[in-house]
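Hello,

Here is the structure for you to look through. My notes on it follow below.

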Amino acid sequence: MSTEEPIVATTAICGDAPLPPMIVIHSKAKKSLALRKHPPYLEMVSDAIVTLKERNGSSQYAIRKFIEEKHKDLLPVNFKKMLLNQLRKLVASGKLVKVKASYKLPSAAKTVGAAKRKKGAAPAKKKPTAPATFSRHGKHSSAPIHIRHLQIQPNLPDELAQPETTNRSSMTLLTIKATYKKDMVRFSFKLSDGFINLKEQIATRFQLELGSFSLKYIDEDGDMILVTCDSSLSVSVDDFRLPDGRQTAIRLVVFLLVN
């Protein structure tokens with residue numbers, strides 16, 4: 001009776017070339033890499049607003065500082081611009097409420113509005129009394145004079161008043177400081193006038209042809225940011241806003257376009 005030998009597979013190596021090294025990621029390393037991802041922006045922003053407990057909401061600066069201190073090792077390099085874009089998206093989707101330069105959670109904004117409405121609510125109506133009958137000179141009159149009870153309409157709270165149709169920030173006068181080569185001009189500008197109007201004013205002051213130049217500014221990180229439309233102009237306004245909400249002058253640099 002013959003005994004079969006087990007077949008052993010071998011791999012031939014051509015020449016003296018070594019096998020390429022194999023990279024194996026341990027399960028613990030995979031877990032640590034997964035843990036290094038920061039939470040969603042809505043969760044981080046909500047955590048900042050709830051923890052700070054500011055009465056009028058938390059500013060972008062306060063929210064950014066809170067998140068940077070709590071998740072400093074997990075945030076991307078462009079976290080500041082990412083946070084600004086995420087705040088705008090959260091406000092547009094109704095997940096945040098923007099009040100002037102601060103942000104609130106919708107539940108907190110509804111609670112404050114309900115408290116104001118309760119404070120300015122109309123008093124309870126009294127039951128009407130029977131009309132009184134009077135006579136002139138002490139004599140009874142066949143046509144009695146009735147005194148009607150006048151109801152005074154209480155003042156409506158701010159939430160029920162006529163809403164403002166314009167954005168306050170867009171109506172605010174800004175100070176523009178534009179520099180072209182060694183010359184600088186300073187003038188007041190309303191954000192609601194738009195980016196095209198701003199370029200026309202700068203072209204007139206420096207005697208340049210409209211469309212022959214571009215506008216840029218330097219942000220807090222030292223990056224040169226190009227301003228091309230109304231939305232990017234609004235971003236520049238936020239970049240020149242102080243932590244307490246006050247607005248500083250918008251510093252723009254004029255660059256000639258090369259044909």
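Start at strand β7, which covers residues 224-227 and contains Met 224. Please keep in mind that the model is predicted.

Now the chain as a whole. It has 259 residues, and 25% of them count as buried. There are 8 helices and 8 strands. The chain exposes about 20200 Å², of which carbon and sulfur atoms supply 56%. Among contacts with a separation of 6 or more, 48% are between residues 24 or more positions apart.

Next, the interior. In soluble globular proteins, nonpolar side chains tend to be buried together. The largest nonpolar core here has 26 residues. Those touching the most other members are Leu 198, Ile 202, Phe 206, Leu 215, Leu 252 and Val 254. At least two residues of this core come from each of β4, β5, α7, β6, α8 and β8. Helix α7 (195-206) gives the most, 5 residues.

What does Ile 202 contact, leaving aside its neighbours within four places in sequence? The list is Ala 178, Phe 187, Phe 213, Leu 215, Leu 252 and Val 254. Apart from this core lies another, of 16 residues, including Ala 48, Leu 75, Phe 79 and Leu 83.

Regards

Conventions: Residues numbered from 1 in each chain as written. Predicted model: local features only at pLDDT ≥ 70, side-chain atom pairs only at ≥ 80, totals over all residues. Heavy atoms only, no water. Helix = DSSP H or I, 4+ residues; strand = E, 2+ residues; numbered from the N terminus. Buried < 20%, exposed > 50% of the residue type's maximum accessible area, 1.4 Å probe, protein only. Contact = heavy atoms within 4.5 Å. Areas by Shrake-Rupley, 256 points an atom, 1.4 Å probe, with all protein chains shown as cover. Core = buried A, V, L, I, M, F, W, Y, C linked by side-chain atoms within 4.5 Å.
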